[in-house]
Amino acid sequence: MNALKQSIAVRPNFEAYGNLGAVYFYMRRYSDSAESVQQALKIDPKDWLNWGNLGDALIQIPTRRAEARNAYQKAIDLAQARLEVNPRDAYVLAFTADYRAMLDQEQPAREELARALAAAPTNAEVLFRAAILYNHFGETEQTLDFLAKSIANGYPRAVICDTPDFDHFKDHARFRTMILQTAKVPKTSNAPNSK
């Protein structure tokens, strides 16, 4: 985190602000995360991924959920330009599917996810995004299945463990078995369901 702050002090840029926002997000410092991502968006207001990251941070703050919805919609709108160029961009499709899920647009979310999985069935990021979507809709077995597939295709267990969407699984036996193979998961009794 200090290296990112130093980088920003020397030369403010949207990548460093975005990365700092991600660090704060995984530290559960959601207000700081949102502030950093907003700084990134001041530099590049057309970056669809940072708009999505802003939504991810704001959705964790109960008083800012309306802002989160606006950020997710902006991310979707900007990502559509990428999908017009390449409608089979699995990375963009998987993220926009998650953004639509956060907006409770279930049918379009599932359709975009299906397109992403058809285009890149073994892409670890796409599989991880599928787990996020299924988790949002409360489908535990599908969530865990896609987490297992993402790990099998190289997704880092530590990132899964640090993702707030999965906090409510910390005591789930199958989740702990998947994650504990190389990462340490703290045992909690009342981990909140983040979304």
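Since we are looking at a predicted model, local features need pLDDT of at least 70 and side-chain atom pairs count only at pLDDT 80 or more, while totals for chains, interfaces and linings use all residues.

Let me start with the aromatic rings. A pair of aromatic rings is described by the distance of the centres and the angle of the planes. Rings of Phe, Tyr and Trp (for Trp, its six-membered ring) pair if their centres lie within 6.5 Å, and planes under 30 degrees apart count as stacked, over 60 as edge-to-face and the rest as tilted. By this rule the count comes to 13 aromatic pairs. One of them joins Phe25 and Tyr30, which sit edge-to-face at 5.6 Å centre to centre, with 65° between the planes. Both Phe25 and Tyr30 are buried, where buried means under 20% relative accessible area, exposed means over 50%, and partly exposed is in between (1.4 Å probe, protein chains only).

How are the rings of Tyr134 and Phe146 arranged? Their centres are 5.4 Å apart and their planes at 10°, so this pair is stacked. The pair links distant parts of the chain, with Tyr134 in helix α8 (residues 124-136) and Phe146 in helix α9 (residues 140-152), 12 residues apart. When I say helix, I mean a DSSP run of H or I with at least four residues, and a strand would be a run of E with at least two, both numbered from the N terminus. Tyr134 and Phe146 are both buried. Elsewhere, Trp48, Tyr72, Tyr91, Phe95 and Tyr99 form one aromatic cluster.

Next come the charged side chains. Side chains of opposite charge can pair when their charged atoms come close. A salt bridge is a side-chain nitrogen of Lys or Arg within 4 Å of a carboxyl oxygen of Asp or Glu, and the structure holds 12 of them. Glu139 forms one with Arg110, the closest N and O atoms being 2.2 Å apart. That pair links distant parts of the chain, with Glu139 in the loop between α8 and α9 and Arg110 in helix α7 (residues 106-119), 29 residues apart. A second bridge, between Arg174 and Asp145, has an N to O distance of 2.6 Å. Because Arg174 lies in helix α11 (residues 173-180) and Asp145 in helix α9, the pair ties together parts that are 29 residues apart in sequence. Arg174 is partly exposed at 29%, and Asp145 is partly exposed at 32%.

Arg28, in turn, is linked with Asp167 and Lys170 in a network of salt bridges. Arg28 is found in the loop between α2 and α3, and has a positive phi of about 70° although it is not a glycine.

Now to the interior. A nonpolar core is a set of buried Ala, Val, Leu, Ile, Met, Phe, Trp, Tyr and Cys residues joined through side-chain atoms within 4.5 Å. The largest one has 56 residues, and those with the most contacts inside it are Leu54, Leu147, Ile160, Phe166 and Phe175. Leaving aside neighbours within four places in sequence, Ile160 is in contact (heavy atoms within 4.5 Å) with residues including Phe128, Leu147, Tyr155, Phe166 and Phe175.

Which residues of helix α4 are buried? Among them are Trp48, Trp51, Leu54 and Leu58. Nine of the 11 residues of this helix (residues 48-58) are buried, so α4 is largely enclosed by the rest of the structure. What covers these buried residues includes α2 (14-26), α3 (30-43), α5 (65-85) and α6 (90-102).

I will finish with Thr143, which is found in helix α9 and is buried, with a relative accessible area of 0%. Not counting residues up to four places away in sequence, Thr143 touches Ala131, Tyr134, Asn135, Phe166 and Phe169.

How values were computed: Residues numbered from 1 in each chain as written. Heavy atoms only, no water.
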